[in-house]
Amino acid sequence: LAYVEWFSPFRIPNRDHGLHKVSRIIKNGECMASIIPISNIRCSAHLIPHFGPVAPHEWTSSNILDECSSFYVNTYIDRYSFVTLR
């Protein structure tokens with residue numbers, strides 16, 4: 001079994017780089033999450049934090065998933081992601 005936090009569905013990709021922006025699904029102030037069979041997982045996703053001209057200094061690899069509210073899904077990370085997620 002695996003613990004999974006759910007993100008918003010893909011919408012129109014960003015016109016500059018073609019990546020899809022996602023954010024956590026929040027209901028009643030809580031992140032939507034599930035426990036699912038590992039066999040239901042196709043692949044991992046490489047998330048790039050969305051930020052303005054400068055990334056906040058307090059962000060670290062340990063807290064970025066909690067601190068950042070939206071991400072881009074990196075479909076260029078490998079061939080499988082490029083073909084499957086585009």
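L1, Y3 and I35 make up a nonpolar surface patch with about 410 Å² of accessible area together. Patch members have over 30% relative accessible area and no salt bridge (a Lys or Arg side-chain nitrogen within 4 Å of an Asp or Glu carboxyl oxygen), and nonpolar side chains (Val, Leu, Ile, Met, Phe, Trp, Tyr) are joined within 5 Å. Areas are Shrake-Rupley values with a 1.4 Å probe.

This is a predicted model: local features need pLDDT of at least 70, side-chain atom pairs count only at pLDDT 80 or more, and totals for chains, interfaces and linings use all residues. Numbering starts from 1 along each chain as its sequence is written, and side-chain values use heavy atoms, with hydrogens and water left out.

**Exercise 1.** Work out where I35 sits, and whether I35 is buried or exposed.

*Solution.* Start with the strand: I35 belongs to β5 (residues 33-36); strands are DSSP E runs of at least two residues, numbered from the N terminus. Next, the relative accessible area is 56%, so I35 is exposed (over 50%; buried is under 20%, partly exposed in between).

**Exercise 2.** Find the strand order of the open three-stranded sheet, then its edges.

*Solution.* The order is β2-β7-β6, paired antiparallel (pairing takes at least two DSSP bridges). β2 (20-23) and β6 (47-49) each have a single partner strand, so they are the edges. Zooming in, β6 and β7 (residues 70-73) share three bridges, and I48 faces Y72 of β7.

How values were computed:
Helix = DSSP H or I, 4+ residues; strand = E, 2+ residues; numbered from the N terminus. Patch = residues over 30% accessible without salt bridge, like charges linked within 9 Å, V, L, I, M, F, W, Y side chains within 5 Å. Buried < 20%, exposed > 50% of the residue type's maximum accessible area, 1.4 Å probe, protein only.
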